[in-house]
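Colleague: Could you walk me through one part of this model in some detail? I'd like a close look at a single region rather than a tour of the whole thing.
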Amino acid sequence: MIHVKQLCMRLLLVIEMAGFGYLYIFGNNGMQALGVQRAIVLDLEKNVAQLKDEIELLKNDIYAWQTDDFYKEKVAREQLQMARKGDELFYIG
């Protein structure tokens with residue numbers, strides 16, 4: 001009788017260990033889910049780095065706009081299609 005009881009307890013222990021192992025790897029908060037979360041974090045870190053670079057470029061543009069008259073004229077001519085008084089304009093149509 002004791003032998004059967006010990007066998008049942010060992011079998012139950014093995015089943016529990018297998019269940020916990022399955023949940024540890026494949027559960028909602030298991031190792032697989034952590035791998036997915038790591039990939040998301042890496043992607044977000046890349047996005048943050050790109051946005052920091054873009055912010056730096058915009059800061060440089062703002063600084064140039066505030067301090068460099070040539071830059072202001074360049075923007076006015078190229079992006080706003082403005083001309084100075086007396087400039088000759090050529091239209092290609």
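Where does Gln-81 lie, and what leads up to that spot?

Modeller: Bear in mind that this is a predicted model. Gln-81 sits in the segment after helix 3. Its phi is near 55 degrees, which is a positive value in a residue other than glycine. Gln-81 also counts as exposed, because its relative accessibility is 71% and the cut-off for exposed is over 50%.

Now step back to the helices. Helix 3 covers residues 69–78, and it packs against helix 2, residues 31–67, at an angle of about 105 degrees, with the two axes 6 Å apart. That angle falls in the 65 to 115 range, so helix 2 is roughly perpendicular to helix 3. On the helix 2 side, the contact is made by Asp-61, Ala-64, Trp-65 and Thr-67, and these meet Asp-69, Tyr-71, Lys-72 and Val-75 of helix 3. Sorted by class, that contact has four nonpolar, one polar and three charged residues.

There's an aromatic pair to look at here too: the count comes to one. It is formed by Trp-65 and Tyr-71, with ring centres 6.4 Å apart and planes at 85 degrees; anything over 60 is edge-to-face, so that's what this pair is. As for how open the two partners are, Trp-65 is partly exposed at 41% relative accessibility. Tyr-71 is partly exposed as well, at 21%, and the cut-off for buried is under 20%.

Definitions and conventions: Residues numbered from 1 in each chain as written. Predicted model: local features only at pLDDT ≥ 70, side-chain atom pairs only at ≥ 80, totals over all residues. Heavy atoms only, no water. Axes fitted to C-alpha atoms, helices over the stretch in contact; angles between N-to-C directions. Helix = DSSP H or I, 4+ residues; strand = E, 2+ residues; numbered from the N terminus. Parallel < 35°, antiparallel > 145°, perpendicular 65-115°, else oblique. Contact = heavy atoms within 4.5 Å. Nonpolar A, V, L, I, M, F, W, Y, C, P; charged D, E, K, R; others polar. Phe/Tyr/Trp six-rings, centres within 6.5 Å; stacked < 30°, edge-to-face > 60°. Buried < 20%, exposed > 50% of the residue type's maximum accessible area, 1.4 Å probe, protein only.
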